[in-house]
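Thanks for passing this one along. Here are my notes, in numbered points, to read beside the model.

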Amino acid sequence: MLRPLPAAFRPCALLTLLVSILLLSGCSREAIYDAMLAHERKAAGLLDAQIEVDDRTIAYLHNEYPVDGPTLVLLHGFAANKENWLRLSRELTDHYNVYAIDLPGHGASDKDLNRDYTIGAQAGYVKAILDALDLQRVHMVGNSMGGAITAQFAATYPDRVASATLLDPAGVMTYDSELVERVKAGDNPLIVEQPGDFEKLVDFALEQKPFVPWPIYSVMEDRALANRAIHHRIFEQIENSGYDTAFRDRLASIRAPVLIVWGRDDRVIDYRNADVFETRIPNARKVILDHVGHAPMIEVPEQTARLIRHFIEEQPGS
């Protein structure tokens, strides 16, 4: 069903030099983490920002330099954050005005334990966020839970979506996955409960694991542990969404063209569920990626970006 995944970092001499300088200067793990994220945002051509929506803080990334091109909105998965899109955004900000949003309850956005986090409610929150950002008609990309939200949004607000790309989306569980069996057995690998769980989560979610220098995982694990309560709250509300027949029926209402991209080695949501999305959505097609897990935008960002760009370029008026 969904995915807490790390921000991905590319091995390079400049990054190694940055880490060495920070270590020599006696910076804390958190300071090194923040500096490296800033480096990655800069490399992706993105700026960090916040906006108040219905008296709640929403964090997001947007182009440092706007371009004369379409708007692309990126929605992450369960327990993830906007930084999960950094590798992909490197390939997109020259062509699109990118907005990567921290969904409510995630990242640097407001975390309210009493809020409704069902897929339908979250689609409504996305509409309010886009309204606040004055984004009227967009191309939307969603991964996992973000994919289910994207599909729900496209069905509910058809005039707001020019195209939708669903990366290993949640919302349909006709074919159960290894995650389902493990959750039934009382072990949810998507929620970090104790030290050591974060790297296990990455091993479970990703087939192709990117280079991530020290101390990124340790800081991300600390933050995931601190957010256990909100992660449990959200998971409880979306756990059974894949068996919601109303969601499947709603897919037929999507008017926008839809690209479904799925990793064949996804252990979180079985790739065969792509057939259900493709059959139910009137104007949809699927691409199955070999040797890829639950997060194509992290595992194979260049290939995923090419698929997205070519798909959008095919659409009238793009």
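**Notes on the fold**

1. An open sheet is built from eight strands in the order 1-2-4-3-5-6-7-8, with mixed pairing. Strand 1 (46-53) and strand 8 (284-289) each have a single partner strand and stand at the edges, so one side of each lacks a neighbour in the sheet. On average, neighbouring strands are turned by 20 degrees against each other, direction ignored. Strands (E, at least two residues) and helices (H or I, at least four) are DSSP runs numbered from the N terminus, and two strands pair if DSSP finds at least two bridges between them.

2. A word on the basis: this is a predicted model, where local features need pLDDT of at least 70 and side-chain atom pairs count only at pLDDT 80 or more, while totals for chains, interfaces and linings use all residues. Residues are numbered from 1 along each chain as its sequence is written, and side-chain values use heavy atoms, with hydrogens and water left out.

3. Within the sheet, strand 3 (residues 71-75) and strand 5 (residues 138-143) run parallel and are joined by four bridges. Leu75 has Gly142 of strand 5 as its bridge partner. Helix 13 (residues 301-313) packs on the sheet, where it touches strand 3, strand 5, strand 6 (161-167), strand 7 (258-263) and strand 8. The direction of helix 13 makes about 155 degrees with that of strand 6. Contact here means heavy atoms within 4.5 Å; axes are lines fitted to C-alpha atoms, for helices over the stretch in contact, and angles run from 0 to 180 degrees between N-to-C directions.

4. Leu47 lies opposite His62 of strand 2. The two strands form a hairpin with two residues between them, and Asp54 in the turn has a positive phi of about 50 degrees.

5. Which helices pack against helix 8 (residues 216-226)? One is helix 7 (residues 197-205), whose axis comes within 9 Å of that of helix 8 and crosses it at roughly 105 degrees. That makes the pair roughly perpendicular (65 to 115 degrees; under 35 is roughly parallel, over 145 roughly antiparallel and the rest oblique). Asp197, Phe198, Glu199 and Val202 of helix 7 make the contact with Tyr217, Met220, Glu221 and Ala224 of helix 8. These residues divide into five nonpolar, no polar and three charged (Ala, Val, Leu, Ile, Met, Phe, Trp, Tyr, Cys and Pro count as nonpolar, Asp, Glu, Lys and Arg as charged, and the others, Gly among them, as polar).

6. Helix 2 (29-44) also packs with helix 8, at an angle of about 105 degrees and with the axes 9 Å apart. Helix 2 and helix 8 are therefore roughly perpendicular. Arg29, Glu30, Tyr33, Asp34 and Met36 in helix 2 meet Ile216, Ser218, Val219, Met220, Asp222 and Arg223 in helix 8. By class, this contact has five nonpolar, one polar and five charged residues.

7. The largest pocket has a volume of about 470 Å³ and is lined by 31 residues, of which Tyr33, Asn81, Glu83, Gly107 and Arg223 lie nearest its centre. Helix 2, strand 1, helix 7 and helix 8 each supply at least two lining residues, and helix 2 gives the largest share, four. The lining divides into 16 nonpolar, seven polar and eight charged residues. On a 1 Å grid over the protein atoms alone, a pocket is an open set of points where a 1.4 Å probe fits, with protein on both sides within 12 Å along at least five of seven lines; lining residues have an atom within 4 Å of a point. Points are joined across faces, edges and corners, and the volume is the space filled by probe spheres set on them.
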